[in-house]
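Hi everyone, thanks for making time.

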There are 2 protein chains.
Amino acid sequence: MDVSQAIRMKRAVREFTDDPIPEQLLTAVVNAGRRAQSAKNRQAWHFIIAQDREVLVELSQLGQFAKQLAGAAAAIVILTPDPAERWSIMFDAGQAAAYMQLAAWELGIGSCPVSIYEPDRARELLGFPPKFHVRAVLSLGYPKDPSSLTASPHAGGRKTLSEVISYDRWGS
Amino acid sequence: MDVSQAIRMKRAVREFTDDPIPEQLLTAVVNAGRRAQSAKNRQAWHFIIAQDREVLVELSQLGQFAKQLAGAAAAIVILTPDPAERWSIMFDAGQAAAYMQLAAWELGIGSCPVSIYEPDRARELLGFPPKFHVRAVLSLGYPKDPSSLTASPHAGGRKTLSEVISYDRWGS
């Protein structure tokens, strides 16, 4: 699948079938995140791949919009240094997350970033050390509605190009 | 170009030829950023496409590692709300930046994120309103070394998969 096509067609998927994701594909998705560029090539991330149903259900209770994780085939928990340290930490996490979502899409796997509102409970659940922090998790799975993989983009789903572009200086 | 191939092959490009990027391709790159997912679909970004040599040279003086912008065919200045407001602002900026870099790569265009250390001077230069802020800019252009577009990934350029992955719980 072309990059441009994947970017045009990809949509958020929050409802998943019960089918597990083959290990090899899940690894390919995380591998895309591993390959992402980062400030000074720091790669200051760690990815916890959650497939244990109990872990997924517990994660689903750690954010107002995290319920989808309970029914996901897997989750990728994105660990980073303290986001307050520098802006590039979450910028880089976003770069890795974008690569993983796009790589998943190419494999027919749906995903969506999920915010964790209770990072302390996530730490307790997953046991990661103090130098790491969690704000975002990706849900992953095969779309309950398989037509979402081939549907045209929602009309009006994004601002128009002219709304978000200027040339050389603001407003021009 | 497959998504997975683009992610595997893409490398940072900081030295560019003098060739301009055709308008249509530059638009396609920004369009990839426009299509990126964002928290609550806020799309709280604006992209200033800089091609004016004077603007590029001035931008190149606003960060310790920004010199490459002086010789770039173009830059995409990523404007966001105040990064201090919430972590998702730079996470989303990173997602859009990743899409743009990957879309550029598919078109044979090299790029690299550049940090802006002097956001106030950038505001003065580009004239964007108080609600917007800048931390990151993408440099864009045709690689001075065209072999970089087809070269194998650097050995050791990224941590190994086992260094950055755990399963279900930290360290397992």
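Predicted model: local features only at pLDDT ≥ 70, side-chain atom pairs only at ≥ 80, totals over all residues.

Residues are numbered from 1 along each chain as its sequence is written, chains are lettered from A and ligands numbered from 1 in the order in which they are written, and side-chain values use heavy atoms, with hydrogens and water left out.

So, the interface. Here 70 residues of chain A are in contact with 70 residues of chain B, contact being heavy atoms within 4.5 Å. About 6300 Å² is buried between them, with carbon and sulfur atoms giving 60%; that is accessible area (1.4 Å probe) that the two parts lose on being put together, summed over both. On chain A, the residues losing the most area to chain B are A:W87, A:R158 and A:W170, together 13% of what that side buries.

Now the sheet. Five strands form an open, mixed sheet in the order β5(A)-β1(B)-β2(B)-β4(B)-β3(B). Strands here are DSSP runs of E, at least two residues, numbered from the N terminus, and two of them pair if DSSP finds at least two bridges between them. Which strands stand at the edges? They are β5 (165-167) of chain A and β3 (110-115) of chain B; each has a single partner strand, so one side of each is left without a neighbour in the sheet.

Inside chain B, β1 (46-50) and β2 (74-80) run antiparallel, joined by five bridges, and B:F47 stands opposite B:I78.

Conventions
Helix = DSSP H or I, 4+ residues; strand = E, 2+ residues; numbered from the N terminus.
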